[in-house]
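Biologist: Could you take me through how you label things in this model? I'd like each label set against its cut-off.

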Amino acid sequence: MTEFHSFSRRERATVAAWFLIGAFLILLGAFFRAQVLQHERFKLRAEKNRLRLVPLAAPRGMIFDRNGAIIADNVPGYSIKLLAPSEDSLRAVLRRVASVVPLDSSQMALVVRRYRLARYEPVLVFGDGSAEAVARLEEHRTLLPGLVIQAEPKRLYPDSLAVAHVVGYVGEVTERDLERERFPGAQLGSVVGRSGLEEEYDSILRGRPGVHYVEVNARGRLVREAGVAPTLPPIAGHVIRTTIDLPLQRYIDSLWRADAPGVRGAMVALTPKGEILALYSSPSYDPNAFVGGISAEAWRGLNEDPARPLLNRAIQTRYPPASPFKLAAAAMAMKRGIARLDTYMPEPCRGGLQMGNRYFRCWKPEGHGSLNLEGAIAQSCDVYFYQLGLRLGLDAILNDGVLMGFRDRSGIDMENEIAPIFPSSTAYFDRKYGPRGWSKWGATLNFAIGQGENTQTVINMTRFYAALANGGQAPTPYLVRPRSAEIRQLGLTLDQVEGIRRALVSVVERGTAAASRRADLITAGKTGTAQNSHGEDHGWYVGFAPASNPQIIVGSIMEFAEHGSSVAPYVIKVLRRFVLGPDTSRVAPPIRLVAPDDSAPRAVQLQPDTIPQVDPTPDDTIVPAPPPPTIE
């Protein structure tokens, strides 16, 4: 048996002591590092385990009209959320919630999908909880662990249907939106603009969300809500003031719903500077239905409705401009010195014009006789404009049309405006139909009267007439601020513009809109009938008032209205309402006007012997049919 020497024992004891001292120093250093040097880090980690972040929605900025009337407001509301430690726990609590307040399986599935995106945050169940639902849930709180009820501002549109296509609606940001960075600064659960002004100015209106904390236990269950940690209050979004005249917008809505219920169409009102006073599309929808989330059934109903109420027909639908485009042809001819207001064409109107083996009819079968340009505008004589178009030539019509803005969007400060269809050159026809598949003469005649491969939006046609009311300058229309300072020039002298105004006054005084004339206000305008291959034709009317010093320009189209003279009474009522005030707009109920058409019927193949031909060269090429109104 080996015995340890006393010196050896002391040596080993010393080593052991130093080992213990070293271990103690290491532990002491670790404690010092954890408790002192990294105190904040571990404290934050502990707080994260103990606390759960609950975002506080920021009130969206209010939207006002030009006079301070409220278009979009915020009112108190409730959001109902659940804080769950696991998906199974969430499903169990959701089943209990469904026994207290209505909650179907599709809504449950949506809540679970939200939970998977952010497991450690309260998941939204109801974005717009009613006071009754909140009261019932509070009564059963003990059976609903993790229930979080917050008072939050919710959007309110007091005029709902009247302003829907102007203001748009709001909705919760989606995961796809976040991936595409469509809404910079938005987080999961943020409410963002989905259409109209709410979408265009979302970054200004949205504000910054606040933060509230709740305490949970080791299993992730809610323990305490109040007094857990300091709350960071939300910052409200900025207010925006629009150019909309809300009383006028309401008047158009009430007029349309009372006198033209169920009629599809649009109406736009501008000032000569481009300020949009009203923008209306029919049918409309209730943007309040989207607050807090729209039900799947309601969303399906809106999308499957054949009338497409979500479609903004003022900026998202194209129509053949028809006779209102004749003023563009007249402006082109006057600018180029081809015609003046007192210019007569070689052939009087006898009800049509022969071109080779094709006969292009006028809307008036018996004809208008011999007219100058002013009379042709007043009577909307197609035969006159056929000949004017031939004098101009297709290349000039296309070139000048592009310069006047008929190929471009109006530039309104709203998302999803579609571009018109207007060829930039004859190469368009060669590409589409082949060099021998179309007739240049036929296309020229179609373009001269606003038909053919020329489809425009209501906002774009109204902008063109704003140029006629504004000395030949077409400003960019806007609701809050112009996207561009560009002003389109028609290239006319002030005398020429004044002459065109007189011709437009003649339309109302003794022309195709004479039935809508009122003695207390002189207005100017143009009727039109857009050919529609899917049913009855559409009716146009664009006008302004007072004719001598325009304050407002209004353009409107009514689908399947057949004639522009059927639309004119509504536009003139709006003009009178704005210029003369509400009392003078109380006129007799509208009468359905049965008036002659004012746009050329489709060409007919025949070989007449008695009708003079402008071009003796045979032409048996069939002009392609005008495209139907495009809905996108």
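Modeller: Here come the labels, one by one. Ground rules: this is a predicted model, where local features need pLDDT of at least 70, side-chain atom pairs count only at pLDDT 80 or more, and totals for chains, interfaces and linings use all residues. Residues are numbered from 1 along each chain as its sequence is written, and side-chain values use heavy atoms, with hydrogens and water left out.

Biologist: What makes β11 and β19 antiparallel partners joined by bridges?

Modeller: Pairing takes at least two bridges found by DSSP between two strands. Six bridges join β11 (265-270) to β19 (552-558), so they count as paired. One of the bridges links Gly265 with Met558 of β19. Strands here are DSSP runs of E, at least two residues; helices are runs of H or I, at least four.

Biologist: Which strands are the edges of the open sheet?

Modeller: The order is β12-β11-β19-β18-β17, with antiparallel pairing. β12 (276-282) and β17 (524-530) each pair on one side only, hence edge strands.

Biologist: Which residues of α12 make the contact with α15?

Modeller: Ala328, Ala331, Met332 and Lys335, where contact means heavy atoms within 4.5 Å.
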